[in-house]
Amino acid sequence: MSPKTRAYLEKLYQLLEKMPEDERLDAIREIESHIAEGVAGGQSEDAILARLGDPRVLAKAYRSEYIMEKGPAKRSFANVLMMVGFYCSTGLLSIIVIPVLATLAGGFGFSAVLVLIAGFLRTLGVTGIQMNLGPVEVPTEWSMVVSTIVGGIVGGIAYLSWRGLRIYMNFLSASYKKLLPSSRTA
């Protein structure tokens, strides 16, 4: 193995530092195997490394695969933050799209719950909760109906934002997965 290939693999290993050690080693072994197969097939190491591309992009592809497929099945808050951080670091569009969709989903979801609670409490006679549709105040006996309708609309917006976020993140994962040598044809 040439010094250039060794340097490439060492750089890739460093860039995969946030992954578990066994996953990092698996990625390095996969790339080594890919290079060995290419050399055995008559290709030069330089041509293979050029096809693999920048080790930073390849490392993002491996991290994406780990996060989406091999990461913990149970998503904790820390894991979700890790995923959001990864996807926000993938490009300028992601820095805008992901936080906006996540904020819309969280904000509208929380608001939907608050609207339903307010309607329920107002129906029970709790004072101090006002419901207005424009200049007209909603009668107390209609509070639950109106809050259910409004909560459903607001909750629908939250759900659509969440679905959009998941679709976008899956799209990014699929895009990065295409960069992995195992998904390319030789």
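**Helix packing and nonpolar cores in the predicted model**

Ala-105 touches Ala-158, Ser-161 and Trp-162, leaving aside residues up to four places away in sequence, where contact means heavy atoms within 4.5 Å. The structure is a predicted model, in which local features need pLDDT of at least 70 and side-chain atom pairs count only at pLDDT 80 or more, whereas totals for chains, interfaces and linings use all residues. Residues are numbered from 1 along each chain as its sequence is written, and side-chain values use heavy atoms, with hydrogens and water left out. Ala-105 lies in helix H6, which spans residues 92-123. With a relative accessibility of 11%, Ala-105 counts as buried; the term buried denotes under 20% relative accessible area, exposed over 50%, and partly exposed the range in between (1.4 Å probe, protein chains only). The C-alpha atoms of Ala-105 and Ala-158 are 4.1 Å apart in space, although the two residues are 53 apart in sequence.

The protein chain contains seven helices and two strands. Helices (H or I, at least four residues) and strands (E, at least two) are DSSP runs, numbered from the N terminus. Along the sequence, these elements follow the pattern α-α-α-α-α-α-β-β-α. Of the 186 residues in the protein chain, 32% are buried. Among contacts with a separation of 6 or more, 60% are between residues 24 or more positions apart.

The largest nonpolar core comprises 17 residues, and those with the most contacts inside it are Leu-12, Leu-16, Ile-31, Leu-52, Leu-58 and Tyr-62. At least two residues of this core come from each of helix H1 (3-15), helix H2 (21-40), helix H3 (45-52) and helix H4 (55-70). The greatest contribution to this core is that of H4, with five residues. Another core, of six residues, lies apart from it and includes Leu-165, Tyr-168, Met-169 and Leu-172. A nonpolar core is here a set of buried Ala, Val, Leu, Ile, Met, Phe, Trp, Tyr and Cys residues joined through side-chain atoms within 4.5 Å.

The axes of H1 and H2 come within 10 Å and cross at roughly 155°; axes are lines fitted to C-alpha atoms, for helices over the stretch in contact, and angles run from 0 to 180 degrees between N-to-C directions. H1 and H2 are therefore roughly antiparallel to each other, given that angles under 35 degrees count as roughly parallel, over 145 as roughly antiparallel, 65 to 115 as roughly perpendicular and the rest as oblique. H1 passes H2 in a right-handed crossing. A crossing is left-handed if the near helix is turned anticlockwise from the far one by less than a right angle, and right-handed if clockwise. From H1, the residues Thr-5, Arg-6, Tyr-8, Leu-9, Leu-12, Tyr-13 and Gln-14 meet Glu-21, Arg-24, Leu-25, Ile-28, Ile-31, Glu-32 and Ile-35 of H2. By class, the residues of the contact of H1 with H2 are eight nonpolar, two polar and four charged; Ala, Val, Leu, Ile, Met, Phe, Trp, Tyr, Cys and Pro count as nonpolar, Asp, Glu, Lys and Arg as charged, and the others, Gly among them, as polar.

Two residues of H2 illustrate this region. Arg-24, situated in helix H2, is buried, with a relative accessible area of 11%. Not counting residues up to four places away in sequence, Arg-24 touches Tyr-13, Gln-14, Leu-16, Glu-17 and Met-19. Leu-25, also in helix H2, counts as partly exposed at 31% relative accessibility.

For H2 and H3, the axes come within 9 Å and cross at roughly 135°, which makes H2 oblique to H3. This crossing of H2 and H3 is right-handed. Ile-31, His-34, Ile-35, Gly-38 and Val-39 of H2 make the contact with Glu-45, Ile-48, Leu-49, Arg-51 and Leu-52 of H3. The contact of H2 with H3 divides into six nonpolar, two polar and two charged residues.

H1 and H3 pack at an angle of about 25°, with axes 10 Å apart, and H1 is thus roughly parallel to H3. The crossing of H1 and H3 is left-handed. Here Lys-4, Thr-5 and Tyr-8 in H1 meet Glu-45, Asp-46, Leu-49 and Leu-52 in H3.
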